[in-house]
Protein chains: 4
Amino acid sequence: MTELLAPAWAATGAGALVGEHALLTAMLAVEVALAEAQAELGVIPEEAAKAIRAAAVPENLDPAAIAEGVRETANPVVAFVAGLTAAVDPAAAEYVHRGSTSQDILDTALMLLCAATFDRVERDLLATAGSLAGQVRAHRDTPMAGRTLTQHAVPVTFGLKAATWLHLVLDAVERVRRARAGLPVSVGGAAGTLAAYQEYAHDADMLRLPDLVARRLGLAPQTLPWHGIRTPIADVASALLVTTGALGKIAADVLVLSRTEIGEVTEERAPGRGASSAMPQKHNPVFATLVATAARQLPPLAVVLFQSMTAEDERSSGGWHAEWQPLRDCLRIAAGAAANAARLAETLRVSPAAMAANLRLTRGAIVSERVNAVLAPKLGKAVAKRLLAEASAEVERTGADLADLLDVDVPRGLLDPAGYTGLAGPLADRALARFEREELS
Amino acid sequence: MTELLAPAWAATGAGALVGEHALLTAMLAVEVALAEAQAELGVIPEEAAKAIRAAAVPENLDPAAIAEGVRETANPVVAFVAGLTAAVDPAAAEYVHRGSTSQDILDTALMLLCAATFDRVERDLLATAGSLAGQVRAHRDTPMAGRTLTQHAVPVTFGLKAATWLHLVLDAVERVRRARAGLPVSVGGAAGTLAAYQEYAHDADMLRLPDLVARRLGLAPQTLPWHGIRTPIADVASALLVTTGALGKIAADVLVLSRTEIGEVTEERAPGRGASSAMPQKHNPVFATLVATAARQLPPLAVVLFQSMTAEDERSSGGWHAEWQPLRDCLRIAAGAAANAARLAETLRVSPAAMAANLRLTRGAIVSERVNAVLAPKLGKAVAKRLLAEASAEVERTGADLADLLDVDVPRGLLDPAGYTGLAGPLADRALARFEREELS
Amino acid sequence: MTELLAPAWAATGAGALVGEHALLTAMLAVEVALAEAQAELGVIPEEAAKAIRAAAVPENLDPAAIAEGVRETANPVVAFVAGLTAAVDPAAAEYVHRGSTSQDILDTALMLLCAATFDRVERDLLATAGSLAGQVRAHRDTPMAGRTLTQHAVPVTFGLKAATWLHLVLDAVERVRRARAGLPVSVGGAAGTLAAYQEYAHDADMLRLPDLVARRLGLAPQTLPWHGIRTPIADVASALLVTTGALGKIAADVLVLSRTEIGEVTEERAPGRGASSAMPQKHNPVFATLVATAARQLPPLAVVLFQSMTAEDERSSGGWHAEWQPLRDCLRIAAGAAANAARLAETLRVSPAAMAANLRLTRGAIVSERVNAVLAPKLGKAVAKRLLAEASAEVERTGADLADLLDVDVPRGLLDPAGYTGLAGPLADRALARFEREELS
Amino acid sequence: MTELLAPAWAATGAGALVGEHALLTAMLAVEVALAEAQAELGVIPEEAAKAIRAAAVPENLDPAAIAEGVRETANPVVAFVAGLTAAVDPAAAEYVHRGSTSQDILDTALMLLCAATFDRVERDLLATAGSLAGQVRAHRDTPMAGRTLTQHAVPVTFGLKAATWLHLVLDAVERVRRARAGLPVSVGGAAGTLAAYQEYAHDADMLRLPDLVARRLGLAPQTLPWHGIRTPIADVASALLVTTGALGKIAADVLVLSRTEIGEVTEERAPGRGASSAMPQKHNPVFATLVATAARQLPPLAVVLFQSMTAEDERSSGGWHAEWQPLRDCLRIAAGAAANAARLAETLRVSPAAMAANLRLTRGAIVSERVNAVLAPKLGKAVAKRLLAEASAEVERTGADLADLLDVDVPRGLLDPAGYTGLAGPLADRALARFEREELS
């Protein structure tokens with residue numbers, strides 16, 4: 001466990017999804033599936049496949065020895081195969097890893113880790129979406145200040161803001177599902193020709209092998225061996241980027257709205273949560289901070305994954321190797337973000353009173369766009385805008401109400417922020433409708 | 001024109017796709033579409049929309065003044081709207097940009113630049129795919145050394161290598177098409193509620209406005225205003241990343257294969273191409289270098305686009321602004337890469353003779369995996385592998401042939417590299433079949 | 001001019017520092033210095049050097065033809081040399097670029113652009129520092145809320161906050177000066193041996209050539225030719241990263257402090273500045289937004305520069321080429337940020353009244369750390385902290401004053417935020433003292 | 001241990017330098033130093049400091065509980081302090097962490113991890129430099145092909161190439177030493193005013209506290225508290241970037257030169273090293289691959305560190321938190337790279353015979369620049385260059401020798417590649433001289 005410096009995913013369970021034990025378990029599953037598929041094709045004895053399955057437990061392996069092997073051979077598979085072979089019934093030993101190559105095992109195992117992580121992420125995104133949908137319904141028409149470039153702009157509703165978050169989460173769900181469905185098995189042999197698989201197989205049609213392995217592992221088939229075609233990794237990266245990007249937007253908004261001076265939302269209080277080592281009064285927005293951390297960390301890591309597409313040769317020296325740890329990191333960061341976002345959405349408390357108070361802060365200037373729309377046809381666009389700009393500056397300087405400063409006749413109700421939320425309601429409904437569709441799918 | 005330091009896209013036409021003139025043209029198109037859609041809804045007079053269209057030519061604008069405006073208002077739209085308004089028939093001036101906001105105009109205009117660039121990229125990717133498909137057909141069974149971690153591994157065919165490239169290009173085509181189809185219009189008004197659009201419209205249903213604008217511009221509809229939902233930008237980035245990643249892989253391989261010592265492929269000679277300022281004999285792989293440059297540059301730029309998803313508020317201060325130039329850069333880099341890759345694929349010359357010569361370099365060791373597959377059942381896996389490792393080392397040390405060093409009986413034909421290409425042929429056919437499907441779609 | 005999508009540097013003059021004209025001028029300066037240094041060494045005739053200097057004006061070159069050349073030869077130098085040679089007196093033509101190679105010219109020219117940009121950046125950083133020093137002096141003891149994780153923490157002073165900004169700016173000044181002083185000339189010839197320079201020179205000691213060129217151009221000498229030693233580029237990147245990082249911190253703080261609800265600082269109003277295309281009342285924090293944009297954009301671009309260190313061979317295919325445009329971008333982004341930060345610092349208006357009002361918002365809880373320090377020795381650390389945590393929660397819930405909720409005897413003055421600013425004053429003085437030292441150096 | 005997917009540092013010892021145990025040990029050391037410094041200032045009893053030191057062993061802490069705490073409070077310090085406090089003699093418990101804040105402890109502890117890592121990196125860089133210096137001396141005048149854009153350019157020497165590598169390593173040493181010397185202590189208290197430290201201290205001058213802590217820990221003093229001044233992190237990142245960039249260049253060259261077709265260098269054979277899971281003959285360049293992996297991974301991670309400079313407020317929500325894991329990753333990647341580079345340099349075997357054979361491959365064209373220098377004055381520059389370009393193309397096409405194709409009179413010796421290495425020798429000597437200077441310092 002190395003979580004003390006990993007706020008993005010500490011204590012969320014994300015670490016275990018892609019940890020050493022999960023990895024070794026996945027690598028073993030791949031060797032078993034390869035053996036069983038070869039047995040199904042009649043290429044190796046059924047007994048051998050059984051013996052390999054029997055030996056394929058992580059406890060039979062020595063992680064320290066495999067780590068040493070990483071430094072000797074630049075990948076963990078050579079020593080892993082040696083360990084597995086030693087654990088297998090001697091009669092079956094020669095059938096372990098038959099025809100295979102390190103990259104087949106590791107790439108497929110990594111796809112299995114991606115699958116498990118995507119499943120967890122999807123679950124947590126849907127939980128997040130559920131909580132946000134609740135907020136949309138509860139606050140469909142709760143007015144609040146819309147803010148642009150840090151300044152009050154025009155009114156919006158908290159329903160629309162939460163709908164925006166919900167829409168983003170559903171965007172992530174969609175991309176995670178698509179990426180999950182596309183995770184391919186990797187079966188190519190030493191240089192992507194399946195030559196050794198075929199050599200051992202004599203007459204059997206080894207073009208069928210990858211599909212059989214894929215079916216056993218719950219992965220998608222491959223069209224071509226993809227040792228040198230890293231689109232699957234790029235697709236995983238894209239889905240994770242949208243995930244932390246979407247959740248990071250929510251966190252960014254929560255961090256603003258929970259500022260001491262704004263106070264429109266807060267994370268629910270719980271003993272010890274958000275505590276400071278120094279300041280007794282502190283109730284920090286913890287889940288938002290953790291999600292914001294994830295959103296900062298993931299995009300640069302993904303660069304390595306995209307850049308690895310350009311690796312040279314049938315299998316590269318450095319490009320492939322550079323993928324593993326960033327892929328693991330991206331997976332646990334995204335899974336941690338999804339877990340923490342689910343808690344954030346669940347524990348978010350909303351203060352319509354604070355929203356109302358803040359809406360009054362600019363004493364009418366927040367609806368000057370609306371007043372402009374009324375005055376422009378009367379006074380001309382340029383004159384109206386200048387007049388309102390001057391009046392707003394005076395509001396700011398003097399603390400007067402905008403209404404009192406306008407020497408033009410404007411219906412008082414026009415200046416009520418709650419009356420100028422445009423189509424916020426029906427737009428929020430759209431996000432809810434999408435949520436209901438996605439939830440069923 | 002600022003192309004002298006931009007080898008990734010210089011002289012490919014990519015610069016003009018997203019240059020100032022293209023941008024202003026697109027922004028004008030958005031204002032026109034907004035006006036015409038509002039006219040269609042009966043919100044502004046038909047005459048006004050006509051007057052706006054009449055004035056909407058880049059020549060009516062002063063780019064230098066707009067650039068000054070960028071520094072005053074942090075975006076080019078405020079001064080642009082002032083310029084357009086001044087150019088319009090005074091009677092129509094008040095209908096320019098009515099109800100709108102800077103981000104609606106700029107986001108939609110950027111989507112138009114994306115559309116034009118994607119169209120160009122798709123065309124060049126298909127041309128590239130066509131040339132590569134030709135190579136796959138011509139060299140389906142041409143054997144060559146497969147290389148892993150820089151060393152000869154087992155034989156492959158040039159057909160399979162070109163099929164790998166083709167598959168990557170088709171992956172890019174698929175993602176570019178999907179991203180192109182999803183490019184949405186952006187119509188939200190000041191804070192995403194469409195409030196001002198609606199305020200001016202009185203009874204008209206302005207929820208219809210975005211769709212009408214989208215239809216006029218050939219863009220996809222939006223579900224919600226996306227000022228704060230930057231998934232469309234992330235999707236563009238993902239598609240471009242796969243594009244330069246895929247093309248970069250081809251370039252990386254070509255750069256290896258065209259090394260003086262390897263010489264298996266070269267770019268076609270043409271007067272002046274690949275010349276050096278110093279060395280008369282130089283014939284550098286220029287298109288591959290240009291594409292490799294693009295593949296190095298794009299991924300980090302895309303980070304900015306993904307990170308901008310996390311921007312705070314209804315519209316952010318810095319997050320949104322940070323997108324524009326990297327988006328432009330990503331578009332022209334990808335378009336340049338596609339153009340240069342098309343030339344690379346078209347001008348690539350293949351030398352089966354060099355491939356054959358290189359295959360003989362290791363004097364049989366390149367098929368030691370195959371020999372191993374034959375010997376392992378006889379001698380046991382571990383013994384066979386050790387024996388071959390020792391023999392291969394001796395081949396390297398002494399220059400002897402592997403066949404002569406084996407004191408086990410092995411059929412001579414077994415050591416012919418051309419006979420050990422596995423399923424390279426049928427796998428290459430798969431890529432061709434995919435190409436034929438994609439070409440038609 | 002392509003500034004419309006470049007808020008980080010539009011209209012600051014940064015574009016021209018590294019634009020095509022500046023580049024061609026610098027490349028010409030390098031060719032002239034090379035010729036004059038060779039003349040000084042007696043290797044070419046004085047007359048030839050004079051003729052080359054006479055022809056070395058950008059107007060003699062055709063940028064479009066050079067851009068075409070970039071696509072033919074993967075760099076702008078081959079066509080540039082052809083253009084310059086054509087413009088030179090025929091008798092001197094053979095002495096143009098004698099012994100040289102593209103990378104010598106381009107690398108040295110880029111160092112000249114770095115030098116000019118660093119000089120501008122240093123000037124603007126010092127101006128920024130000057131303004132900030134003024135704020136430190138004016139507000140050395142102005143109390144305000146210190147904020148951590150978005151929540152009021154303990155009081156600080158605006159003097160200390162401005163001192164923090166000042167310290168960061170001085171960090172940037174230091175690194176920019178160091179990087180500026182280290183910018184080396186690049187003279188290596190085709191593969192870094194200076195062989196052709198020496199070949200033409202016969203007996204002259206061409207080890208002296210780089211120093212002579214450096215002296216003429218105001219650059220540092222090189223130890224070795226650095227075609228394959230890209231530390232100088234990395235050093236430039238590091239200095240620019242600290243520059244935009246430092247300025248970005250200031251912008252981030254200003255954006256928080258100028259929020260409508262906080263209002264502790266604002267950018268000075270000026271006609272049109274910070275205007276919106278939609279909302280007449282808007283007075284957006286423009287310079288802070290522009291600087292924040294720069295700080296988001298530069299770090300990913302710098303990745304390309306650092307990664308280019310790893311390029312293969314005497315001169316690489318793609319690594320070197322990938323540097324140029326990101327280097328140009330980093331330079332103009334940093335120069336734009338420095339220019340905009342200078343305006344930000346100059347136009348920043350501070351509101352001690354808003355600071356005081358915000359300090360009262362938590363009704364005493366902001367000094368609960370201090371109360372804790374007083375109570376802990378009496379009640380024990382754990383009991384005191386729990387008591388204060390509960391009281392603070394009640395303050396937040398009920399709006400009561402912390403003082404009224406404590407049933408322990410605490411001197412009233414203890415709860416005055418202005419009395420709990422620790423060592424803020426002397427720390428601010430330290431930053432001022434550093435500024436005074438740096439200003440003189 | 002989580003090293004199986006971390007080829008950049010697996011089994012090098014780098015993991016332990018920054019692992020959980022090292023972190024907790026460092027955090028404890030900071031609390032001890034704080035207590036002892038406060039005791040020295042007379043602010044807490046000597047006995048209390050002794051009791052804290054006595055309890056400050058990692059075994060007294062529960063890492064799992066601290067990890068849980070990370071999710072509750074967004075940092076590991078709150079739970080860590082609780083754990084330490086519980087372990088301390090009750091009489092001293094109230095003096096634990098007195099006046100302090102989470103960031104003081106964690107930032108200072110991270111600086112201690114940086115210090116330990118820099119020390120290790122420096123040692124391994126010097127070992128690398130020592131091996132490379134040996135190669136420079138041994139092969140000062142060994143000619144080999146210089147390669148640019150993948151093609152033979154002009155001759156160089158292996159001495160100069162190794163000198164280039166040596167120079168890069170010394171650049172890294174210099175930057176690592178400078179960064180090491182600048183690692184500051186972090187003592188600021190809750191918001192950087194040292195207010196609570198001072199509150200508890202009554203009359204003692206707590207401006208002295210940071211210096212006393214720094215001295216105890218072997219760190220540099222701070223000028224200002226740097227919670228919001230992240231230059232120290234940026235400086236660490238810059239030094240690490242130059243380290244992996246420099247080593248990555250060496251690896252990139254080794255990977256090219258050890259290609260099967262080139263074979264000019266190889267890593268020493270050792271049993272099992274560079275083995276493949278599939279191919280018995282394989283002897284992969286393992287250390288170069290591991291170093292290349294590190295060089296690909298580090299730069300994007302460093303982006304997070306530079307971007308964290310821009311965090312808002314006295315202490316940020318997300319910016320600071322995002323630093324920790326990437327900093328740990330950068331440290332272990334760089335330390336792993338240095339360890340692997342030392343092995344690479346130590347085990348590198350050079351083949352002057354292969355170099356000589358490759359030099360002959362272009363049958364004279366590799367010195368066409370030199371022939372050009374001889375012919376240009378006779379025939380004119382343009383004519384000479386065209387003639388040589390044509391002749392070189394014919395060499396490539398027909399396999400003839402360049403000498404035989406020139407119908408101009410050229411001394412035969414002129415075409416000997418070994419005679420055209422320019423100033424490679426004296427330049428190599430310069431790198432050696434620098435090494436000798438650095439070694440002593």
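## Helix packing in chain B

In this predicted model, helix 10 of chain B passes helix 12 of chain B in a left-handed crossing. Helix 10 covers residues 231–257, and helix 12 covers residues 319–347. Two packed helices are described by the angle between their axes and the distance between the axes. Here the axes cross at roughly 35° and come within 10 Å.

Which residues of helix 10 of chain B meet helix 12 of chain B? Helix 10 contributes Ile233(B), Val236(B), Leu240(B), Thr244(B), Leu247(B), Ile250(B), Ala251(B) and Val254(B). From helix 12 come Glu323(B), Leu327(B), Cys330(B), Leu331(B), Ile333(B), Ala334(B), Ala337(B), Ala338(B), Ala341(B) and Leu344(B). By class, this contact has 16 nonpolar residues, one polar and one charged.

## Arg177 in chain C

Arg177(C) lies in helix 7 of chain C, which spans residues 158–182. Is Arg177(C) buried or exposed? Its relative accessible area is 19%, and the limit for buried is under 20%, so Arg177(C) is buried.

The side chain of Arg177(C) makes a polar contact with the side chain of Glu438(C), at 3.2 Å. Glu438(C) is also among the residues that Arg177(C) touches, leaving aside those up to four places away in sequence.

## How the copies are related

Two copies of a chain are related by a rotation about an axis and a shift along it. Take chains D and B. The same surface serves both copies, as 100% of the contact residues of chain D recur in chain B.

Now take chains A and B. Chain A can be laid on chain B by a turn of 180° and a shift of 0.0 Å along the axis, and the RMSD is 0.0 Å. Which residue of chain A has the C-alpha nearest the axis? That residue is Ser238(A), with its C-alpha 3.0 Å from the axis. Of the interface residues of chain A, 100% are also interface residues in chain B, so these copies meet through the same surface.

How values were computed:
Residues are numbered from 1 along each chain as its sequence is written. Chains are lettered from A and ligands numbered from 1 in the order in which they are written. This is a predicted model: local features need pLDDT of at least 70, side-chain atom pairs count only at pLDDT 80 or more; totals for chains, interfaces and linings use all residues. Side-chain values use heavy atoms; hydrogens and water are left out. Helices (H or I, at least four residues) and strands (E, at least two) are DSSP runs, numbered from the N terminus. Buried means under 20% relative accessible area, exposed over 50%, partly exposed in between (1.4 Å probe, protein chains only). A polar contact is a pair of N or O atoms within 3.5 Å; within protein, one must be able to donate a hydrogen and the other to accept it, and residues adjacent in sequence count only if both atoms are side-chain atoms. Contact means heavy atoms within 4.5 Å. Axes are lines fitted to C-alpha atoms, for helices over the stretch in contact, and angles run from 0 to 180 degrees between N-to-C directions. A crossing is left-handed if the near helix is turned anticlockwise from the far one by less than a right angle, and right-handed if clockwise. Ala, Val, Leu, Ile, Met, Phe, Trp, Tyr, Cys and Pro count as nonpolar, Asp, Glu, Lys and Arg as charged, and the others, Gly among them, as polar. Copies are superposed by least squares on the C-alpha atoms of residues with pLDDT of at least 70 in both.
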